[in-house]
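Dear colleague,

I am passing on to you the structure below, and after it you will find what came out of looking through it. Please read the notes with the model open beside you.

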Amino acid sequence: MRVLGIESSCDDTAAAVLEGETVQSNVISSQHDLHEEYGGVVPELASRDHQRLIVPVVESALDEAETSPGALDAVAVTRGPGLPGSLLVGLSFGKALARGLDIPLIGVNHLEGHLYSVDLTAPVPPRPYLCLIVSGGHTELVHVEEGFQHRVLGRTRDDAAGEAFDKIAQLFGLGYPGGPAIDRHAEDGNPSFHDFPRTRLDDFDFSFSGLKTSVLYYLRDRSDAERDRLLDEHRDDLCASVQNAIVDVLVDAVRRAARETGAEHVAVVGGVAANRALRRRVEVAGSEEAFTVYVPDLSYCMDNAAMIARAGAHHLAAGDASPPYLDVTPNVQL
Ligand code: KG4
Ligand code: ZN
C-alpha cells in the first residue's frame, strides 16, 4: 500500500510517500520567511504560497520516493482544522489527483495526523497511550486506545502552547516562530527570575492567555529605557521564566492525566515537542510516575505530510475512504 500524504493546513506545504510502514519521502517547504516580518501567519499570503508550492512539493516527494503517480494506491490529505484558504489548496489538489488516478481519497483530521505520528518512529508506543499534542495551533491531551479510538481529556480554552511561545517571543523582540528562540535563550537563563502565573484548571483543559497578558503588563508598566535595559540584561532569564511557566502547566497536566488513566505510555507530539525543557521535564515525570515517554523524530513532530499519510493509511485499512465531494472543515475537532 503506497499512500501519498498532503498537508497544507497552516504555513507549511508538505507531501510525503508512505509505503507500508516505511516513509519513503517527507518533503516540507516552510513559509516562515514569508510571514516573519508580520510576526505571525498571514492567511492570504499563506494560501497563495501553497498554490505556488503544491505541485513542486508533491513532485519532489514522488521523486525522492523514486515513484510515480501511477504507482500510488491512495491520496491522504488534511481536511482540517486549519486556515480555510490554505486547506483548500491541498484538498483541491489531492481530490483532483485522486480523481484523475481513480484511487481512494482520504480526508484526514490534522490532529489525528499528530496523534498517529508516533507510529513513524521506533519504538512505537503500545496502546493505550496518553498523547500531549503541543503545536502552534493546538494543545490537547488525548487518551489513544486500540483500534483507532481516542478520547480527548482536555484542550486549550484560548491560546495554544506554541502560540503562547510565539506571542511572548514577539514581546521580547525575538523573531517568528518564537518557540525555538525562547528555548535557545532559556538554556542560559534563570527560570526563577520572575514568577509568571500558571493557570491550572480543575479539568485537563489549558489556558495560556493569562500568561501572555501578564508578560505584556510586566513590560508595559516600565519606561522605554527601563524596558530596553531589562530585555538587554535579562532576556535569557525572562525566556527561562516564561518557558518554565508553560512547561510547569503542561507537565502537571500530563502527570495528573497519567495517574487518572493509569497510563504507562505517554507521547509528546507537535512542534513544541522540540522544546528541550519540556522533554527533560516529561522524562523526569515519567521516571517518577512510572510511564515511558515517546517523542517522534522532530521531522514528524512539526507539521508534515508523513503523519497525514500514516493516519490516512489507518483509515483506509478500516475501509474508511472519503467521498469525492469532500470539503474542508476548518474548525473540526478531534
Ligand atoms: O507543529 P508545528 O510545526 O505547527 C503547528 O501545527 O502549529 O508547531 C509550530 C510551533 C510554533 O508555535 C513554534 O514556536 C513551536 O512549535 N516550537 C517550539 C520549539 N520549536 C518549535 N516551541 C518551543 N520550543 C521549541 N524548541
Ligand atoms: Zn500541527
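A polar side-chain atom of Asn275 lies 3.0 Å from a nitrogen atom of ligand 1, and a polar side-chain atom of Asp303 is 2.9 Å from an oxygen atom of ligand 1; a polar contact here is a pair of N or O atoms within 3.5 Å, where within protein one must be able to donate a hydrogen and the other to accept it, and residues adjacent in sequence count only if both atoms are side-chain atoms. From the backbone, an N or O atom of Gly137 lies 3.3 Å from an oxygen atom of ligand 1. Taken alone, ligand 1 exposes 560 Å², of which the protein buries 87% (areas by the Shrake-Rupley method with a 1.4 Å probe; for residues, only the protein chains shown count as cover).

This is a predicted model, in which local features need pLDDT of at least 70 and side-chain atom pairs count only at pLDDT 80 or more, while totals for chains, interfaces and linings use all residues. Residues are numbered from 1 along each chain as its sequence is written, chains are lettered from A and ligands numbered from 1 in the order in which they are written, and side-chain values use heavy atoms, with hydrogens and water left out.

Around ligand 1 there are 20 residues, the closest being Gly136, Asp166, Asp183, Gly271 and Asp303 (a residue is near a molecule if one of its heavy atoms lies within 4 Å of it). Because domain 1 (2-115 + 300-317) and domain 2 (124-295) both give residues to this shell, ligand 1 lies between them, the domain bounds coming from an automatic or database assignment.

As for the backbone, the peptide bond from Ala122 to Pro123 is cis, with omega near -5 degrees, and another cis peptide bond, with omega about -5 degrees, joins Arg127 and Pro128. Glu66, although not a glycine, has a positive phi of about 50 degrees. Most residues other than glycine have a negative phi, and most peptide bonds are trans.
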